[in-house]
Amino acid sequence: MRGLVAPGGLITEITVQKGPGTLEARSISLSVLNLAVGYHNTGKSTLLDLLAGAARPGLLTDRCR
């Protein structure tokens with residue numbers, strides 16, 4: 001995500017309680033390099049926004065609605 005660094009360091013897992021598509025109630029393990037693939041409306045963009053939001057919480061404003 002263009003060199004964004006989370007204040008706590010490397011994010012190794014993210015748990016989504018409510019979200020679109022297959023992200024609903026799911027924990028996702030991450031590593032240094034990850035690839036998000038899937039069909040339309042499965043939550044790829046939301047996942048990337050959540051990860052970017054760890055470095056810049058203001059990015060999540062639109063997703064919180």
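The backbone oxygen of Tyr39 sits 2.8 Å from a polar atom in the side chain of Thr42. The model is a predicted one, in which local features need pLDDT of at least 70, side-chain atom pairs count only at pLDDT 80 or more, and totals for chains, interfaces and linings use all residues. Residues are numbered from 1 along each chain as its sequence is written, and side-chain values use heavy atoms, leaving out hydrogens and water.

How confident is the predictor? The pLDDT, its confidence in each residue from 0 to 100, averages 77 over the protein, and 80% of the residues score at least 70. Confidence is lowest in helix 1 (residues 44-55), with a mean of 81, and highest in strand 2 (residues 26-29), at 86.

Now for the overall layout. The protein has 1 helix and 2 strands, running β-β-α from the N terminus. Helices (H or I, at least four residues) and strands (E, at least two) are DSSP runs, numbered from the N terminus. Of the 65 residues, 20% count as buried; buried means under 20% relative accessible area, exposed over 50%, and partly exposed in between, using a 1.4 Å probe and protein chains only.

Helix 1 has Thr46, Leu47, Ala52 and Gly53 as its buried residues, and these pack against strand 1 (13-16) and strand 2. A contact means heavy atoms within 4.5 Å. Among the contacts with a separation of 6 or more, 29% join residues 24 or more positions apart.

Asn41 has a positive phi of about 65 degrees, although it is not a glycine.

| Residue | Relative accessible area | Class |
|---|---|---|
| Thr42 | 18% | buried |
| Ile11 | 25% | partly exposed |
| Asn41 | 56% | exposed |
| Ala25 | 63% | exposed |
| Val32 | 73% | exposed |

Why does Val32 count as exposed? Val32 does so because its relative accessible area is 73%. Together with Leu10 and Leu33, Val32 forms a nonpolar patch on the surface, with about 390 Å² of accessible area. Patches are made of residues with over 30% relative accessible area and no salt bridge, with like charges joined within 9 Å and nonpolar side chains (Val, Leu, Ile, Met, Phe, Trp, Tyr) within 5 Å. A salt bridge is a side-chain nitrogen of Lys or Arg within 4 Å of a carboxyl oxygen of Asp or Glu. The accessible surface of the protein comes to about 5100 Å², with 55% belonging to carbon and sulfur atoms; areas come from the Shrake-Rupley method with a 1.4 Å probe, and for residues only the protein chains shown count as cover.

Two more residues complete the tour. Ala25 lies in the loop between strand 1 and strand 2. Leaving aside residues up to four places away in sequence, Ala25 touches Val16 and Gln17. Ile11 belongs to the segment before strand 1, and its C-alpha atom is 8.0 Å from that of Leu51, 40 residues away along the chain.

Definitions and conventions. pLDDT is the predictor's confidence in each residue, from 0 to 100. A polar contact is a pair of N or O atoms within 3.5 Å; within protein, one must be able to donate a hydrogen and the other to accept it, and residues adjacent in sequence count only if both atoms are side-chain atoms.
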